[in-house]
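Here is a short briefing for a first look.

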Amino acid sequence: MFLTAFLLLVALGAQGAHGEEKEEAQRRGHVSVVIVGGTGDLAKKYLWQGFFHLYVNQVSSGNTFSFYGGGLSPADKGAALLSEILKAVSCSKDVSQERCALVKEQFLRLSLYRQLKTLEDYQNLDKEIKQQLNEEGMTEAGRLFYLSVPAFAYADIAEKINNSCRPASEAWLRVVLEKPFGHDYKSAQVLASQLGSSLKDEEMYRIDHYLGKQVVSKILPFRIENRKSLDPIWNKQHIERVEIVLKETLDVKGRIPFYDEYGVIRDVLQNHLTEVMTLLTMKLPVNVSSAEEVLRNKLHIFRSLQPLGNNQAVIGQYQAYRAEVQQELNKTKDHVSRTPTFAAVLAHIDEAQYEGVPLLLISGKMLDQRVGYARILFKNDIFCLQNTHSVHCKPKQIVFYFGHGSLQYPAILVSKNLFKPTLMDSEWKEVTEHTDVSVLGLPISDYYVQTPKEQREAYTELISHIFAGRKNSFISTENLLASWGLWTPLLTSLASSHPRIYPGGADNGDMLDVRLRGNDISFISEAVIISPDQMGSANDFQVMQGKFRGTVMVSAWAEELVEKLAEDMQEAAEAAVRDAGVFHLALSGGSTPLALFQRLALHHFTFPWRDTHVWMVDERCVPMTEPESNFHGLYNYLLQHVRVPYYNIHPMPVQLNQRLCVEEDGGALLYEKELGKLVNGSSFHFVVLGVGYDGHTASLFPGGKVDEHGESLVILTESPVKPHQRMTLTLNAINRAQKVALLVMGKGKHELITQLSRVKDNTDKYPVTGVNPDNGKLVWYIDYDALLG
């Protein structure tokens, strides 16, 4: 049957092949295509059409094919469903009616339904493929399995394929996986490990259909072809911001079981928009066809992206979503879902080329129009005094327009006040006749416009790449984990946040408009539709002031508490610089202040770092390059991200003469002399301390006779835990400070806080009770977890 079909079609010739689809698989012969989930919605809408297109363009290339739609349904029911789906496939315009009718008839004859449920089902499929190969006397080129099933089934199916349905050793195996690839970093890692036990990395094709969109696939070639014009302006001096936007008008009815678990960030931003972002910002590869080089350059961008915190995101939920969740998940009317259907996220790349350039990623359901685009908006240094309509005064921008919206077709647009782009290849054309539409603030006539000569569907494009064994349009394991590494902390921090409720469509007005300030993003409008269940929730996050151990206490949830402490530090810094021209800040080590360091680095761009001296409260006796070093943590989370003059940074000299904390080397005395020389009266302006579970602070531990240190400012101490040797400021040094902040966070500290609230000063048992500035101010910053337990 296969041989007959092949010989018949050879006579008609391979009409209608498109560019890259002319690439052949590595080995000619028979190819078995198996769509697992072959009667599902995705297969019905896109996959069978894509594989039919592949068949039309490859059937005369020396390969023969068989197609199987696999499913859980019994054979008779599944075959009927598949038959209805296959009737709808169609040819592209450049295929003649005669040829189309013939290839479609053959395609339908070659496409069969098979129940694929048990290991035995996969074994029977393997036997059937081998039997057909023997009967027709054909060589096997490869097997392509497309898993159009929920992700939880991937590992089991991959194991069945590996154990019972692999092709002969000379043939290739390609297994295609649909997103979602995990729910967060850990689950993605687990899934990757499970799949890795059955499949080799080169056998897996994780599909992100956005990479198959014609405009997205041309981002790198466009940048390369136009690098002479782009290189001088593709940087922070010229780019005002980058926007990557996907707006949708539909709701998620019928998809609630999936969507309520994942939400808009996991569904769109973590994959589609992130991939576009990397293509726009990565270093250009020497060889754009090299999957390895493209991956290396993408991973470099992931490593350079600054961490995403709550202040880099705003989220929303369309008003009807709550009722849809209650209905489809059979929940009571009291049930509230916090799953966002809208998100706007602000990212920054910590590299000189893009320093300070906002990267804005936005997507949402129930918005005003369906459109997707990436825009690079450039700064305009021209001011038109009278002729404000001059082309020179209009926005300078490049738009990668994915489709829909006012333009209705995919295109790359370059505003005419930038440059005229090179036409990339014979498959693209320049549009010179324009309809009366505007795109992002400019009439279409103000752009140079390029569009594909023939619009092709993304899945069709990617299926041709899979067949050709081209992997640079697919998501590798490293790429996947790097992306989840960026997004998981943000998703965790947003899990308890209430999204802004919006009505949907045109009624949204300005409710979802955002403002960018430094590294922060926020909604512009304060008008929020709040559902009754959310009333009063804002009170849960207020910063409260009170008393603890007879002195000032500030309390809030952890993130708000750190935000308040950072604001207080900046206020103290600005006052000190204003009065004395310098700010002396002493910072403790350990894990507690890391969130504070990160907050300062990412949000306090006006902090007077140039006039700030950074000192250490204490240090472990390990080399500064070791992760256990307090200075190492301070550097990683703060110092490398801010502009403190290097001579204003004062690490403790725990390593002298190639030895660590040896008394006779005099490191403590050396630090004390430096402090006395630079700090007026050895009085820091601001000291940040933590407190350990045992009541220690700095490296002053219970039983250490902290009252017996006399006039010393810096000493060596012994810790009960490794590394035992420490260098620390004494209570004498700490209590000379103008302000001391004691930061206490986490439920694990609740018992300690309870004890400290009851005991009197007892520095031998609780060294922290000895913190009592002589002429300064002590403020306890205690989060609600530590305070309330």
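A residue is buried when its relative accessible area is under 20%, exposed when over 50%, and partly exposed in between, using a 1.4 Å probe and protein chains only. By that rule, 54% of the 789 residues in the protein chain are buried. This is a predicted model: local features need pLDDT of at least 70, side-chain atom pairs count only at pLDDT 80 or more, and totals for chains, interfaces and linings use all residues. Residues are numbered from 1 along each chain as its sequence is written, and side-chain values use heavy atoms, without hydrogens and water.

**Whole chain**
- The C-alpha trace of the protein chain spans about 100 × 75 × 60 Å along its principal axes.
- The protein chain holds 22 helices and 33 strands. Helices (H or I, at least four residues) and strands (E, at least two) are DSSP runs, numbered from the N terminus.
- Contact means heavy atoms within 4.5 Å. Of the contacts in the protein chain with a separation of 6 or more, 76% join residues 24 or more positions apart.

**One sheet**
- Two strands pair if DSSP finds at least two bridges between them.
- Eight strands form an open sheet with mixed pairing, in the order β21-β22-β33-β32-β29-β23-β24-β26.
- Its edge strands, β21 (544-548) and β26 (649-650), each pair on one side only.
- Strand β32 (residues 739-744) pairs with strand β33 (residues 777-783) in the parallel sense, over six bridges.
- L743 stands opposite Y781 in β33.
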